[in-house]
Amino acid sequence: MMMYYAMLVVGLIYLVLMIAMRVHGPSWQATVLKSFTSFFFLMTLGAAILAEHTHLRFAAFVGGGLLLGLLGDIWLDLKYLYPDDSDNWTMMGFLVFLVGHFFYIAAVIFTAGVLPAAVAAGLAGALLALLFIYLGEKPMHLEYGRFKSISAVYGAVLFFMAVYTLCCAFLQRNMGLLIMGIGSALFLLSDLVLSNIYFGKGKYGPAWIAVNYVLYYAGQYLIASSVLWLGKTF
């Protein structure tokens with residue numbers, strides 16, 4: 001467990017350094033620090049696996065999602081460093097995070113099974129996400145432009161993931177799934193903040209950037225840590 005806690009501490013240090021640099025504007029230095037911060041949520045998963053030695057299939061799917069998250073983190077930062085290709089980097093970021101969430105969903109399904117009540121709740125959450133994106137664009141002062149369709153699909157998958165995982169956790173009293181569900185909810189909240197940064201018509205300062213990163217990395221580190229508690233009840 002000492003290695004697990006060490007990875008968390010190192011990841012936190014990189015997160016603080018990255019935010020401190022990123023709030024002053026995009027740079028290669030901030031992108032490198034961000035990639036290290038993301039790399040250490042993979043290292044946290046690895047340390048958790050070494051500490052637990054079980055639930056390897058669950059961990060493999062989670063690892064796939066985290067690896068895609070690492071790639072997405074880098075690609076989304078490249079949109080600022082190469083503004084002429086900004087839309088292409090943004091779309092690639094959307095796609096890898098979308099596929100990453102299918103890895104997370106697979107991890108939950110292989111652990112909890114397909115629970116009809118949880119599926120129904122997840123689909124209801126996905127429908128609410130679609131309604132929010134399509135009907136809330138003007139009231140929220142957002143302008144998705146060419147990213148409206150992918151934002152809708154991505155948002156629906158994120159809502160399904162968070163709601164489905166939390167429902168499975170409470171139906172089966174599974175602590176690991178509860179931690180993963182909380183991580184997914186924080187991930188979702190970070191993307192709600194990010195949608196305002198990317199598509200908002202107003203100006204969003206350093207505080208928004210810091211909140212987005214704190215929510216996102218807290219979510220990813222919780223997802224990486226969930227394997228430690230997967231066999232425990234609450």
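Glycine 65 is buried, with a relative accessible area of 3%. The model described here is a predicted one. Glycine 65 is found in helix α3, which spans residues 56–81. Leaving aside residues up to four places away in sequence, glycine 65 touches Gly100, Phe103 and Tyr104. Serine 27 is 38 residues from glycine 65 in sequence, and the two C-alpha atoms are 26 Å apart in space.

Serine 226 sits in the segment after α8. Serine 226 is buried, because its relative accessible area of 0% is under 20%. Its contacts, not counting residues up to four places away in sequence, are Phe58, Gly176, Ile179 and Met180.

**Aromatic rings**

How many aromatic pairs does a search of the whole structure find? The search finds 21 aromatic pairs. One of them joins phenylalanine 41 and tyrosine 221: the ring centres are 5.9 Å apart and the planes stand at 80°, so the pair is edge-to-face. The angle decides the label here, because planes over 60 degrees apart count as edge-to-face. Phenylalanine 41 lies in helix α2 (residues 28–52) and tyrosine 221 in helix α8 (residues 206–225), so the pair ties together parts that are 180 residues apart in sequence. Phenylalanine 41 counts as buried at 0% relative accessibility, and tyrosine 221 is also buried, at 10%. Both belong to one aromatic cluster, formed by Phe41, Phe97, Phe187, Tyr213, Tyr216, Tyr217 and Tyr221.

**A lysine over two rings**

Lysine 79 lies over the face of tyrosine 80, at 4.7 Å from the ring centre. The charged end of lysine 79 also sits over the ring of tyrosine 198, 4.6 Å from its centre.

**The surface**

A nonpolar patch on the surface is formed by Leu127, Leu128, Leu130, Leu131, Tyr134 and Leu135. Together these residues have about 590 Å² of accessible area. Leucine 131, one of the residues in the patch, lies in helix α5 (residues 116–135). Is leucine 131 partly exposed or buried? At 41% relative accessibility, leucine 131 counts as partly exposed.

The table lists the relative accessible areas of the residues described above.

| Residue | Relative accessible area | Class |
|---|---|---|
| Glycine 65 | 3% | buried |
| Phenylalanine 41 | 0% | buried |
| Tyrosine 221 | 10% | buried |
| Serine 226 | 0% | buried |
| Leucine 131 | 41% | partly exposed |

Conventions: Residues numbered from 1 in each chain as written. Predicted model: local features only at pLDDT ≥ 70, side-chain atom pairs only at ≥ 80, totals over all residues. Heavy atoms only, no water. Phe/Tyr/Trp six-rings, centres within 6.5 Å; stacked < 30°, edge-to-face > 60°. Helix = DSSP H or I, 4+ residues; strand = E, 2+ residues; numbered from the N terminus. Buried < 20%, exposed > 50% of the residue type's maximum accessible area, 1.4 Å probe, protein only. Lys NZ or Arg CZ within 6 Å of the ring centre and 35° of its normal. Patch = residues over 30% accessible without salt bridge, like charges linked within 9 Å, V, L, I, M, F, W, Y side chains within 5 Å. Areas by Shrake-Rupley, 256 points an atom, 1.4 Å probe, with all protein chains shown as cover. Salt bridge = Lys/Arg side-chain N within 4 Å of Asp/Glu carboxyl O. Contact = heavy atoms within 4.5 Å.
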